[in-house]
Amino acid sequence: MTLEDAIDFLQEHKAAVAICEETLPDGTWRDAARILNSFPNAPMVVVIGSDRALLDEVLALGGFDVLTRPLRESEVIWTVASAWHQWMKRFQYQATGGPSCSDA
């Protein structure tokens, strides 16, 4: 429920995608992005915000995408799957020292 809880959890568990509210009880998505981006194999950050205009700032801080309310199931699934795929490509690239032989 808090940024501190999420950070504690993610220090012990690997995650490919982290979904974060725009505002948290103990911080903001910006705080979360800065902290998470410092993790080895950092998760892709998706922000749930009030306005799609937030996207440029999220991308500038290393985030992946913004979802806006009302959340639409198909958009959430597509965004999380795309973020996971991007994370896997980055993780695979780091593990092998180069790009995979196919983008499949």
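**Salt bridges in the predicted model**

The side chains of D31 and R34 come together in a salt bridge, with an N to O distance of 3.7 Å. The model is a predicted one, and the structure holds 5 salt bridges, among them the pair D31 and R34, the pair R69 and E21, and the pair R72 and E75.

**The pair within helix α2**
- Because D31 and R34 lie 3 residues apart in helix α2 (residues 29-36), about one helical turn separates the two partners.
- With a relative accessible area of 30%, D31 is partly exposed, and its side chain meets that of R34 at 3.7 Å, taken from N to O.

- R69 forms a salt bridge with E21, in which the closest N and O atoms are 2.8 Å apart.
- This pair links distant parts of the chain, since R69 sits in the loop between β5 (65-68) and α4 (73-96), while E21 belongs to strand β1 (residues 17-21), and the two residues are 48 residues apart.

- The side chains of R72 and E75 meet in a salt bridge with an N to O distance of 2.6 Å.
- R72 is partly exposed, its relative accessible area being 42%.

Notes. Residues are numbered from 1 along each chain as its sequence is written. This is a predicted model: local features need pLDDT of at least 70, side-chain atom pairs count only at pLDDT 80 or more; totals for chains, interfaces and linings use all residues. Side-chain values use heavy atoms; hydrogens and water are left out. A salt bridge is a side-chain nitrogen of Lys or Arg within 4 Å of a carboxyl oxygen of Asp or Glu. Helices (H or I, at least four residues) and strands (E, at least two) are DSSP runs, numbered from the N terminus. Buried means under 20% relative accessible area, exposed over 50%, partly exposed in between (1.4 Å probe, protein chains only).
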